[in-house]
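I opened my notebook to look around this structure one piece at a time. Here is what I looked up, in the order I went.

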Amino acid sequence: MTALAVQNISKTLGDHLALQQVTLKVEPGSIHALVGLNGAGKTTLMRVMLGMLRPDGGRVTLLGHDLAHAPSSLWRQVGHQIEVPPCYPELTARQNLWVAAQLRGVPEQDISSRITQVAEALNMSAWIDRRARTLSLGTRQKIGLGAALLHDPCVLVLDEPGNALDPLALVRLRGLLRRAAVRGAAVLVSSHHLDELARMADHISVMHRGQIIGTLDPQAPDLERAFFSKVLAQEEAGAAV
Ligand SMILES: Nc1ncnc2c1ncn2[C@@H]1O[C@H](COP(=O)(O)OP(=O)(O)OP(=O)(O)O)[C@@H](O)[C@H]1O
């Protein structure tokens, strides 16, 4: 069963056609990356996949359910972080993670150990009892990532998860995402950093102007060149129409 799939998704935001006939599958046990220039539509696509935006056309399937009719319990099997890290500023990092664990149905007796594990894995134990509003952007990003990961979801959707992270945290994040994929999770990440994706992803899809315009081989020797040649070809094809 495909964990997460979109078929022929379109979405207009204001007067802008943000997604055009997008079709994509994210399989269990793999890390799939979306790469594209600013404004390509990556966040919009993730928001549609997570039911945060209703598409104008097309279909989203999550763990075998059509998203339009999915039971609310399905969301306990999903972890996500879209754009700004979702923190309650007056709560500590630990309290924020506690709330997230409860919302995602982690058994009460396991919550404390899960938080300790995820805090250690993301190298944020030193900050765990500080209020979120006093923490750096990177540490708040870690709270969001911890919240997305601590219930061992089957599907992970992370929008630019490495954005505010330091190099050590990036290595830790890569390890966490790989472990999630090895236990069978389907992982979708977006990024602008091709080097990072080469180290992390099993599959890379290129988005441009609201469309998936092709794939890149993460092992290819010059990902940057391959990326720009796809974008340029698409631009030229558009100009020729
Ligand atoms: N509410 C809105 N109204 C109109 N246009 C919007 C709205 N939200 C997003 N857009 C436009 O939709 C396009 C896609 O935006 P989106 O945030 O999905 O891109 P992205 O690939 O995630 O970009 P980035 O890499 O900069 O995060 C952009 O051109 C953006 O300006």
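**Helix α1.** I began with α1, which is mostly covered, since seven of its eight residues are buried. I count a residue as buried if 20 or more other C-beta atoms lie within 10 Å of its own, as exposed if 12 or fewer do, and as partly exposed in between, with C-beta atoms placed from the backbone. The buried ones in α1 are K42, T44, L45, M46, R47, V48 and M49. Just after α1 I found G51 with a positive phi of about 75°. Helices (H or I, at least four residues) and strands (E, at least two) are DSSP runs, numbered from the N terminus.

**A note on the model.** I am reading a predicted model, where local features need pLDDT of at least 70, side-chain atom pairs count only at pLDDT 80 or more, and totals for chains, interfaces and linings use all residues. Residues are numbered from 1 along each chain as its sequence is written.

**Around the ligand.** Next I listed the residues around the ligand: L13, G14, H16, A18, G36, N38, G39, A40, G41, K42, T43 and T44. Here a residue is near a molecule if its C-beta atom, placed from the backbone, lies within 6 Å of it. α1 gives the most, with three residues. Sorted by class, the shell has three nonpolar, eight polar and one charged residues. For this sorting, Ala, Val, Leu, Ile, Met, Phe, Trp, Tyr, Cys and Pro count as nonpolar, Asp, Glu, Lys and Arg as charged, and the others, Gly among them, as polar.

**A40.** Is A40 buried or exposed? It counts as buried because it has 24 C-beta neighbours inside 10 Å. Leaving aside its neighbours within four places in sequence, A40 is in contact with M207, H208 and R209; contact asks for C-beta atoms, placed from the backbone, within 7 Å. A40 and A18 are 22 residues apart along the chain, and their C-alpha atoms are separated by 7.7 Å.

**The core.** The largest nonpolar core has 74 residues, and A33, M49, L97, L150, V155, L156 and V187 have the most contacts inside it. Such a core is a set of buried Ala, Val, Leu, Ile, Met, Phe, Trp, Tyr and Cys residues joined through C-beta atoms within 7 Å. Helix α5 (residues 167–182) gives the most to this core, with six residues.

**L97 and helix α2.** I then checked L97, which, apart from neighbours within four places in sequence, is in contact with I115, V118, I143, G146, A147 and L150. L97 is one of the buried residues of helix α2 (residues 93–103). The cover over the buried residues of α2 includes α3 (108–121) and α4 (137–149). After α2 comes G105, with a positive phi near 80°.

**Strand β6.** In β6 (residues 78–81), V78 and H80 point one way and G79 and Q81 the other way, and all are buried. Four bridges join β6 to β7 (residues 155–159), and the two run parallel; strands pair if DSSP finds at least two bridges between them. The bridge partner of Q81 in β7 is L158.

**Whole chain.** Last, I noted seven helices and 10 strands in the protein chain. Of its 241 residues, 44% count as buried.

Key:
Contact = placed C-beta atoms within 7 Å.
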